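I opened this notebook to keep track of what I looked up, entry by entry, in a structure that was new to me. The entries begin with a term I needed before anything else.

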Amino acid sequence: MTYKRLIPVLLLSLILFSSCGGARKAKMGTVAPEDAAVAAVVDRHYESEVDFNTLQGRLSLNYQTEERSQSVTVNFRMKKNDTIWMSGQLLGIPLAKVLITPNSVQFYEKISKTYFDGDFSLLSDLLGTPLDYEKVQNLLLGQTIYDLREERYKLTESSRGYQLQPEQEGFLKRMFLLDAGNYKALAQQLGQEQGNRSVTVTYPEYQKINNQLFPLQINIIASEGTQSTRIDMSFRNIEFNVPVSFPFSIPSGYEEISIE
């Protein structure tokens, strides 16, 4: 895989598998005991959401397919609900920058001198499911990709934790597994029978920062047909509520590309 192709694929993977919880309570529509149990679990999940205004840190990102493996070091900054910024390096050499806001997705890649400047519609069309900023943010914070308070879910308890699945499944199959102790996401699965696509996101370990839980590792496996891609992210040196900036300017002379 060329560098020109690597950054779009990494960005696409991030955006696919990534809403930030608010103060709303779960609304299940009835007060049946099973619904009350679901509501209690859902409420605890959103109560566990990490609370901050700004964030900065570093992450190690490893991308692997059957053909090759590539590791990238990324400087990572965020203003919650507003901006996600990433600057990637390969062997200490600046490689690319990414800037994601609720209204736009932008990145440029230095080796091939290419860039993308658009919104989420292209990525949504490619993947066949609506995508937005909140999904990216949720992925990175250990929150469920979809808002559990917006529809009815079935709850199954096991030794692994609380498993939630929609009572009515559409074209996109979904499963969310929450930790029985801290109610953070342990695993999330999305699947489309059409196209034989599936995505599994797991959170092997969390780290405590200022008495709050933030992912230490995030592992993503995306499959389509017989092909699969694995992305492993490890976060370190995470700091909350520090001054951050988001320098981003597409250099002149770069060629505009689309994600294919």
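Before looking at any residue I wrote down that buried means under 20% relative accessible area, exposed over 50%, and partly exposed in between, with a 1.4 Å probe and protein chains only. I noted that this is a predicted model, in which local features need pLDDT of at least 70 and side-chain atom pairs count only at pLDDT 80 or more, while totals for chains, interfaces and linings use all residues. Residues are numbered from 1 along each chain as its sequence is written, and side-chain values use heavy atoms, with hydrogens and water left out.

**Entry: the chain as a whole**

I looked up the secondary structure and found four helices and 16 strands in the protein chain, where helices (H or I, at least four residues) and strands (E, at least two) are DSSP runs numbered from the N terminus. Of the 260 residues in the protein chain, 51% are buried.

**Entry: confidence**

I then turned to pLDDT, the predictor's confidence in each residue, from 0 to 100. The chain has a mean pLDDT of 82, with 80% of its residues at 70 or more. Confidence is lowest in helix H1 (residues 3-16), with a mean of 48, and highest in strand E13 (residues 212-215), at 97. I also marked residues 14-32, over which pLDDT stays under 50.

Is Thr144 buried or exposed? Thr144 counts as buried because its relative accessibility is 0%, and I found this residue in the loop between H4 and E7. Its side chain is joined to that of Tyr46 by a polar contact of 3.5 Å; such a contact is a pair of N or O atoms within 3.5 Å, where within protein one must be able to donate a hydrogen and the other to accept it, and residues adjacent in sequence count only if both atoms are side-chain atoms. Leaving aside residues up to four places away in sequence, Thr144 touches His45, Tyr46, Asn138, Phe176, Leu178 and Gln188, a contact meaning heavy atoms within 4.5 Å.

Gln143 lies in the loop between helix H4 (133-141) and strand E7 (153-158), and Gln143 is buried, with a relative accessible area of 0%. The side chain of Gln143 makes a polar contact of 3.2 Å with the side chain of His45.

**Entry: helix H4**

How many residues of H4 are buried? I found eight of its nine residues buried, so that H4 is mostly covered, and among them are Tyr133, Lys135 and Leu141. At the start of H4, a side-chain oxygen of Asp132 comes to within 3.2 Å of the backbone nitrogen of Glu134, and H4 is followed by Gly142, which has a positive phi near 80°.

**Entry: the hairpin and the core**

Strand E12 (residues 206-209) and E13 pair in the antiparallel sense over four bridges, two strands being paired if DSSP finds at least two bridges between them. Pro215 in E13 is the bridge partner of Tyr206, and in the hairpin, with two residues between the strands, Asn210 takes a positive phi near 50°.

Last, I looked up the largest nonpolar core, which has 57 residues, and in which Phe76, Met78, Ile84, Phe214 and Phe235 touch the most other members. A nonpolar core is a set of buried Ala, Val, Leu, Ile, Met, Phe, Trp, Tyr and Cys residues joined through side-chain atoms within 4.5 Å. A second, separate core of six residues includes Tyr108, Tyr115, Phe248 and Tyr254.
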